[in-house]
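Student: Hi! Could you walk me through some side-chain contacts in this one?
Tutor: Happy to, here it comes.
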Amino acid sequence: MDASLLTVSQSAWEKVLNHVENAVVFIDSKAGECLHWSVGLNSLLTRGSLAVKELNAYKYSQEPIENAEKAVFITVGPYSSIQVDLCDIICQSLFKAVILVTVPLNEPHNVVPGLRNDLLQWMRVKSGKSKEIHADVLCFPYFYAPLTETIVMLPPFSDLFPPLDLNKVKSFGGKPKVLSLKDQASTENLALSLDSLLNQISAADVVFSIGTLSGAVARALEELPSVHIRRKIAKHRVSVVIIDRTLDLCFPASVDSKCFLDKLLCALPHLPDHTNDIAINMSQLAQVTVDSTNDEALFPGCLAHNDSMSQNIREWLLHKKDRDILINLHQILRSKISPGCKFATRVKPEALEKDVRQFRGNMEKIQQNCGVLQIALAAVQALTGEHAEELELVLSTERVLRQNVATTENKELAGLLPQITKLLTERHIRGLSLDALLTLLVLLYSLIGTEMIFPLKEEVQLQAAISTALFEDQEYPGLVHDILLPLEATREKVDTVAGHVFAVLKAVSHTRRDLTKYRSVLKEQGQSMPAEYTPLLQRIMKDILDPSKPLIPDMSCQSTGLKDLLKSGFSMLLNKQQAPVTQHPGDQPNLLIVVLGGITGGEIRLMEECWSGSTQSHAGGTLLLASTRLLSPNDTLQAVLRSSPQPL
């Protein structure tokens, strides 16, 4: 299967761009992120749009566009989420033509007429009964952000995260947690989006899932009427495996990644209103002083650029070693500014920063090499920033804790939590943030699962230390304060929040409790060797690609293959009982992995390495990877804290 998700996305956006000439374009942040990674914001301006505005009625009222006759609204969210803004913007304007561009809808023939009537009704508020007004609703599949030809993120679902079941800790064998109405709506919309993506690549899919939320998405996908029609005419056979992120939070909570993309995400802030790109300080190329990437004196740089060189470098960020990336960036920049010069064989971040400065003031060279220069600056800032010392301390602590877990011979892990309790009390002296230590705890509890336990006394002491730290750090709020604590909380409320945080950590350790093969992420190496952490996604990939096709009891198959239908049909005719036919995701030549809740660059790297040596790859098959967002350790903590009901 020759499928370029980048090309498919660009084709979808090309259809959108055909409608923006002489129009004011309003776009929501999630659609803006998809545009950013596909064809870039500048494409709207080069195709003749009058202006590009955020789809926000209040902001537009502050800076309206006078005498504009045409408006194009681009959104990837549900209609209900933008309906008020749409109404307010249209009602205060004199648009003669309005186009609402949205992602594929379920039963569009029933939905689109109602949306069009809404638009016309709002347009008549100022134009009266004018016959010159026109409204249209267009549906295009532009809902994903292509990082590479085969890797996409899904910004419309960046907030979707498998909910943690706090009640699961208290009772064994209880009913699974029921999804909230919001999550149910998100699963239905995600299923519709996945169906559209599979339709774009002409895929006849067999759907598998591991996890509660993944199962809900798989069932919703299977229930769509369009699925069966698509499978009849599709050209390519694809296994779709949907996986819950919460089953293994060790990798995304860790700062110990060999993938350079993970280091960038860990060290640099997100681009404003984005979940998959970073904000890069560009002051080294400008003749201004910028205190931080959030300083509005200078636009931040980013990773998303459409030129082939930048796309190649993004592949390097996933697969190459730090040293090789620095050398390659050095060679590219030196060859651009001083053709024919000699290259260094060893490059430090300071040397690469010096290479970038050679471009200062040369606008022509900066424009020609804009993408490479921004990525080079990102590498420099990730390796030399103020955060480096804290990350090094967290990394050393993480390695010690993981080694202690791996080498223990007892089910009760005594002595580990007091190490973190001590770090909590000494965090300011050591230069550690509360967020960093809580992320370390997420990693630790996900690592041990239900196979090991901590002494109750040590857990009580740890919870008390968390409560004290939360109370003391109210002047320096972090993620826990932003998400769970009101301003100037009393000690009683802080104790309640600390108890909730600890319940969340216990729930993290119970996410794999109902699994059999994948209950533990620690793999025994033998009597004389310590157990080794093996990322769950890597283990699943190996089992999928194993030529012997081992049984995967934790994986549910939601689809019924053609052979199964025929066999069950014949059995019914003959009135015989037929044993269910077990399908394996390795039966199909192509594979799409979808991770709900986010993924890291390191996990992408591991899965692609597994695929490259597989029989399917050698036979010409294609691996496609999709997730709701890229994750850093900080993002992981934030998602975990938001994944359960708030205590206050």
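Student: Is Glu603 buried or exposed?
Tutor: Glu603 is buried, at a relative accessible area of 1%. Buried means under 20% relative accessible area, exposed over 50%, and partly exposed in between (1.4 Å probe, protein chains only). Keep in mind that this is a predicted model, where local features need pLDDT of at least 70, side-chain atom pairs count only at pLDDT 80 or more, and totals for chains, interfaces and linings use all residues. Residues are numbered from 1 along each chain as its sequence is written, and side-chain values use heavy atoms, with hydrogens and water left out.
Student: Which side chain does Glu603 meet in a salt bridge?
Tutor: That of Arg245, at 2.8 Å from N to O. A salt bridge is a side-chain nitrogen of Lys or Arg within 4 Å of a carboxyl oxygen of Asp or Glu. Arg245 is buried too, at 2% relative accessibility.
Student: How many salt bridges does the structure hold?
Tutor: There are 26. Another one pairs Glu63 with Lys53, with the closest N and O atoms 3.5 Å apart. Here Glu63 is exposed at 52% relative accessibility, whereas Lys53 is buried at 17%.
Student: New topic: how many disulfides does the structure hold?
Tutor: Zero, taking a disulfide as a pair of cysteine sulfur atoms within 2.5 Å.
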